[in-house]
Amino acid sequence: MKVTGIHHISTIVWHAQENIDFYAGVLGLKLIKKTLNFDDHQVYHLYFGNDDAQTGSAITFFPWPNTYKEGMVGDGQVGVTSYMIPVGSMDFWKDRFNNFGIKYNEITRFNDKFLQFVDPHGIKNELVETDFGPMNNFEFNGVTKDVAIKGFFGAVLYSSNVLGTKSFLLDDLKLKLVEENDLYIRFESDQELGRYVDLYKKSMGQSKMGAGSVHHIAFGVNETEIESWKTYFEEKGYHITGVKDRKFFKSIYFREPGGTIIELATNTPGFEQDSPYLEEPKLFMPPHFENLRSEVETKLMPLFIRPIKELRDYPYQNKEEYLIWKAHQELLEKINYYARESKVRKLSKEELSDREILRKKYLKNIRGTLENNLNSLSVEDENGNYVNLKKKEGIKND
Ligand code: ZN
């Protein structure tokens, strides 16, 4: 038995819309599945990949609210996710990053030149030109198929036990050791997408799971072998989860000797191709959450895939906050429209009175926001109880 290569990589981030803006809007990847965390229906699980949603191209995200703990990248994690781009497309990506104000570094590892950059939530990525891998025909927001990301090139692994991780990759997963230098050992699989694992030989320090860090890396296995893999690692003394049905694949999870969470995922059945690329993609409801659909739809913020010109922060965290934000944005747009028009022509009586109504609404919104902020402020009193600041200070409403 041996693994076929990298199947998918799953990471923890914050805002779901910021995540989509970056991976679809900037990197031009296709949102291949919008679903929920199988263990928590209040959290999205977003899958991005190439046009055919192939394993070896799937990067997945759990976007948590902004209050979720921040992670720390270190030993026992994937430190860098590498994506392959067509030969000759590197200049396109440098220009694109410059236009979006995304900083990058150029580094070399085993004679491959990588363009390293960080996503809005701290996930480190890199691009490398290669002839390997099928062309990705998906085109979006200025990323055409001649420059599109094809899938994973590989991943850089940080380990708290380099010898243990080396033996795990070589003797257990049966990857091939192909190159080694002072800093890295490179392992290779048979698959074109998600072909390499570069193991870093030094310590990166302690890691902490949280937003801005990779949660796990999955390697593909034959569907008929998943039970045998489970038995194999159990006999070696590993703590393995039961075989979980993830709908698009079946999985087992455990930690390798260097601390990284490993998933072995079956290459079949795969992502069904029923998910057309929509402005607002359809939510795939995990079967065990189907009874919660209406609750989920009233609470979770809507997500949009749209061409963007710049990256931005979004202040809302749920549907209610989104609707307030959206109404306020529309109000601002109308006020700005009148401001522009009044410079080039005289506004009519109706327009002037409409503008006045809008201005009053705007001011009321601002006061409302201020009041909400005060309402949510609380301080500890002399008895150690948390007291609402507004009540304590007696701020008046009007
Ligand atoms: Zn996974």
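The chain has 398 residues, of which 50% count as buried. It contains eight helices and 19 strands, and it is divided into domain 1 (6–266) and domain 2 (319–376).

**Confidence in the model**

- The mean pLDDT of the protein chain is 90, and a pLDDT of 70 or more is reached by 90% of its residues.
- Residues 389–398 have a pLDDT below 50.
- Where pLDDT is low, the predicted coordinates should not be read in detail.

**Overall layout**

- The C-alpha trace of the protein chain spans about 80 × 60 × 40 Å along its principal axes.
- Taken over C-alpha atoms, the centres of domain 1 and domain 2 are separated by 43 Å.
- Among contacts in the protein chain with a separation of 6 or more, 66% are between residues 24 or more positions apart.

- His 8 belongs to strand S1 (residues 6–13) and His 216 to strand S13 (residues 213–221), so the pair ties together parts that are 208 residues apart in sequence.
- His 8 has a relative accessible area of 2% and is therefore buried, since buried means under 20%.
- His 216 is also buried, at 5% relative accessibility.

**Nonpolar cores**

- The largest nonpolar core has 77 residues. Those with the most contacts inside this core are Leu 27, Phe 48, Trp 93, Leu 173, Phe 219 and Leu 264.
- Helix H1 (residues 16–26) gives the most to this core, contributing six residues.
- Apart from neighbours within four places in sequence, Leu 27 is in contact with Phe 22, Trp 93, Phe 97, Phe 117, Val 143 and Ile 149.
- A second, separate core has 11 residues, including Ile 32, Tyr 47, Ala 53 and Ala 218.

**Salt bridges**

- The structure holds 20 salt bridges.
- One of them joins Glu 126 and Arg 109, whose closest N and O atoms are 2.6 Å apart. Glu 126 is in strand S8 (residues 124–129) and Arg 109 in strand S6 (residues 105–109), so this pair ties together parts that are 17 residues apart in sequence. Both Glu 126 and Arg 109 are buried.
- Arg 109 also forms a salt bridge with Asp 198, with the closest N and O atoms 2.8 Å apart. Because Arg 109 lies in strand S6 and Asp 198 in strand S12 (residues 196–200), the pair ties together parts that are 89 residues apart in sequence.
- The relative accessible area of Arg 109 is 3%, and this residue is buried. Asp 198 is buried as well, with a value of 2%.
- Arg 109, Glu 126 and Asp 198 belong to a network of salt bridges that also links Asp 112 and Arg 186.
- Another salt bridge is formed by the side chains of Lys 250 and Glu 223, at 3.4 Å from N to O. Lys 250 lies in strand S15 (residues 250–255), and Glu 223 in the loop between S13 and helix H4 (226–235), so the pair ties together parts that are 27 residues apart in sequence.
- Lys 250 is partly exposed, with a relative accessible area of 30%. Glu 223 likewise counts as partly exposed, at 31% relative accessibility.

**A buried loop residue**

- Thr 130 is located in the loop between S8 and strand S9 (151–158).
- With a relative accessibility of 9%, Thr 130 counts as buried.
- Not counting residues up to four places away in sequence, Thr 130 touches Met 84, Ile 85, Pro 86, Val 87, Lys 150 and Phe 153.

Methods:
Residues are numbered from 1 along each chain as its sequence is written. Side-chain values use heavy atoms; hydrogens and water are left out. pLDDT is the predictor's confidence in each residue, from 0 to 100. Contact means heavy atoms within 4.5 Å. Domain bounds come from an automatic or database domain assignment. Helices (H or I, at least four residues) and strands (E, at least two) are DSSP runs, numbered from the N terminus. Buried means under 20% relative accessible area, exposed over 50%, partly exposed in between (1.4 Å probe, protein chains only). A nonpolar core is a set of buried Ala, Val, Leu, Ile, Met, Phe, Trp, Tyr and Cys residues joined through side-chain atoms within 4.5 Å. A salt bridge is a side-chain nitrogen of Lys or Arg within 4 Å of a carboxyl oxygen of Asp or Glu.
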